Amino acid sequence: EAPHVDLKPGKTAYAPGEGADIAVKPPFESDVIVSVADRALRTVFVQHIAAAGGSIHVDVPHDVAGDLAVTVTAIAPGSGQPSGMARRATGSIQLGIDHAARRLAIKLGVPGKATPAQTLQIPVTVTGAGDEPAYIVVQAIDDAAAPPTGRSALDPLDFFLDGADTAPADGTAQSHPGAQPLTLQSDVVAVDKTGKAMVPLTIPDHAGKLRLIAIAWSTSKLG
């Protein structure tokens, strides 16, 4: 069995911008090469770790996407080997990322019914943006073709940052046979400083139910 570097993070999840201290236990005293990556390589550094173990410090990027992979490669001079080849060991962990601080909350106020060619004025409240300018769009989708409900299916934060699979379980959208599902989207509307906006959306001639989906974003947050 190949030598292994044991890694243990201080906790299960970290917020973007937070520092993570990770316990490192190589099988021998060594210089360790530490690489940190999400969808791109973020940093690489070298640190000396005793055989008894030690710790490394990793800063979680503010714009981290998904989990953060930390890989440690331990390298030390050969011991008792005529060839003098270096000894090596590796270990890797995924740091869970808590994106709650980057989440915008959205509240929609919509009527129970709408008539064809009616322009709805949809009141929207967005919270969590702080001092960042925020924007919103509202989509209306034929309920028969809309994605299943649930956070992973409709949450852009999950989709863009956690790589969630938004396809239905069978990999196909649900729709009426032979019918073209209705989908429409409002213009982008700026949210005011109190977090409120009024979004106009004109409903075409359509028989059936529509599901409204709102997507909001600011400089560093989604909802």
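## Ground rules

Buried means under 20% relative accessible area, exposed means over 50%, and partly exposed is what falls in between (1.4 Å probe, protein chains only). This is a predicted model, where local features need pLDDT of at least 70, side-chain atom pairs count only at pLDDT 80 or more, and totals for chains, interfaces and linings use all residues. Residues are numbered from 1 along each chain as its sequence is written, and side-chain values use heavy atoms, with hydrogens and water left out.

## Salt bridges

With a salt bridge taken as a side-chain nitrogen of Lys or Arg within 4 Å of a carboxyl oxygen of Asp or Glu, the count is three. One of them pairs Lys11 with Glu18, at 2.5 Å from N to O. Lys11 is partly exposed because its relative accessibility is 40%, and Glu18 is partly exposed too, at 25%.

Arg42 has two partners to look at. Its side chain meets Asp38 at 3.0 Å, N to O, and Asp63 at 2.9 Å, N to O. Asp63 sits in the loop between strand 6 (54-59) and strand 7 (68-76) while Arg42 is in strand 5, so this pair ties together parts that are 21 residues apart in sequence. Strands here are DSSP runs (E, at least two residues), numbered from the N terminus. Put together, Asp38, Arg42 and Asp63 form a network of salt bridges. Arg42 comes out as partly exposed at 33% relative accessibility, and so does Asp63 at 47%.

## Across from Asp63

Asp63 has another residue to check, Ser220: their C-alpha atoms are 7.8 Å apart, although 157 residues separate them along the chain. Ser220 lies in the segment after strand 15 (210-217) and is partly exposed, with a relative accessible area of 33%.

## A nonpolar patch

Ile33, Leu41, Val44 and Val46 make up a nonpolar patch on the surface, together showing about 370 Å² of accessible area. Patch members have over 30% relative accessible area and no salt bridge, with nonpolar side chains (Val, Leu, Ile, Met, Phe, Trp, Tyr) joined within 5 Å; the areas come from the Shrake-Rupley method with a 1.4 Å probe. Strand 5 (residues 41-49) supplies the largest share, three residues. Val44, in that strand, counts as partly exposed at 46% relative accessibility.

Definitions and conventions:
Patch = residues over 30% accessible without salt bridge, like charges linked within 9 Å, V, L, I, M, F, W, Y side chains within 5 Å. Helix = DSSP H or I, 4+ residues; strand = E, 2+ residues; numbered from the N terminus.
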